[in-house]
Protein chains: 2
Amino acid sequence: MAKLKKRDELKTDFIRYAEELTDTAGLQAVQARSIAEKAGCSVGTIYNSFENIDGLLLAMNSRTLTALGESLKATLAANEGATLENRMWILASGYLDFAVTNTKRWKAVFEHNMSDRHAVPAWYRQAQAPLFGILASVLPTRMSDHERQTTARMLFSAAHGVVALALDEKLSDQFDRTATEEQLRLLVQLIARGISD
Amino acid sequence: MAKLKKRDELKTDFIRYAEELTDTAGLQAVQARSIAEKAGCSVGTIYNSFENIDGLLLAMNSRTLTALGESLKATLAANEGATLENRMWILASGYLDFAVTNTKRWKAVFEHNMSDRHAVPAWYRQAQAPLFGILASVLPTRMSDHERQTTARMLFSAAHGVVALALDEKLSDQFDRTATEEQLRLLVQLIARGISD
């Protein structure tokens, strides 16, 4: 009885269906028609909630980013007072964990491209920002704001590179978690040492 | 007169056509039919040279990796005696350069997935190895072989992460070369410092 639901509830339903489709068959499987089928409503009802399919996919991806951020924050909070290296390791290994556990949903964040080369809306960029804030929070306070922001983005991208090439099996035939952790550990060790120098 | 050409010449022709199609319209555009059209031959002739389309795409991608390796080696050779940080910077900024100049061909290396979940053939993995060898060559000789190999792979993946997320405009609305170079410079600086420690 989709029609009886409130607008916000409906939106959340559609996002959940998109997540289910992603978890089962990847981003490519998320289409307005298959969601309408799951929801028992018309495709038009979906477009009352979201301007277009990009809007729905970005809403799903921003939920993934929020979930990632929440899990990283929780592990950090449980390890207050740890050294810079250990805090960076918590973030890097937490990122790997999240990607391994939620592979298809995590991939969707990076696979999604806007249709017709439309710009990514500002609200989505704002949804990405807290993640860099979490990374920046472990960096020494003697760094300038700009330095912390640049370092946070660099750390995210570098750890992402290690995790993504490993999970996509681009450099070896099978995802090797131990080898991936070794690379992440080395990245974090060397960078933490470089920062503390 | 494709028929009169020797097998090797034909292979090279097909790879060149695949490269042209990639440069114009990306990996998705490389199809046996469009190559046969360009070559003025039948699709069957292509499959006399390559087992399947994956074989042709991997041949193209390994040529891209070789070109990347050659360009990195040449810049390194022109800067012998530079410090560890400077040699790592030559490699990282050379990688960015290559990706910016050959964006579609560079993307094809990471976008290509084998059909039907076939394994990547061993010869392609062997074609990747020299790249890590180049990275390992700048690392201190006091490191063990295993340490150098792990560090080389980590460095490649980390720099790739920075370059790929920037060029794919995943974290900002437009590719910002200056900001990307700043992140790469920081990555290299901190890691070189960490290694020299």
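## Exercises on a helical chain pair

Take contacts in chain A (heavy atoms within 4.5 Å) between residues at least 6 apart in sequence: 67% of them join residues at least 24 apart. This is a predicted model, where local features need pLDDT of at least 70, side-chain atom pairs count only at pLDDT 80 or more, and totals for chains, interfaces and linings use all residues. Residues are numbered from 1 along each chain, chains are lettered from A in the order written, and side-chain values use heavy atoms, leaving out hydrogens and water.

**Exercise 1.** Work out how many helices and strands chain A has.

*Solution.* Count DSSP runs, with helices being H or I of at least four residues and strands E of at least two. You get 9 helices and 0 strands in chain A.

**Exercise 2.** Decide how α4(A) and α7(A) are oriented to each other.

*Solution.* Start with the axes, lines fitted to C-alpha atoms over the stretch in contact, with angles from 0 to 180 degrees between N-to-C directions. Those of α4 (residues 53-77) and α7 (residues 122-137) of chain A come within 9 Å and cross at roughly 15 degrees. Angles under 35 degrees count as roughly parallel, so α4(A) and α7(A) are roughly parallel to each other.

Next, list who touches whom: the contact includes A:L65 and A:L72 of α4(A) and A:W123 and A:L131 of α7(A).

**Exercise 3.** Find which residues B:I191 touches, skipping those up to four places away in sequence.

*Solution.* From chain A, take A:L187, A:L190 and A:I191.

Conventions
Angles under 35 degrees count as roughly parallel, over 145 as roughly antiparallel, 65 to 115 as roughly perpendicular and the rest as oblique.
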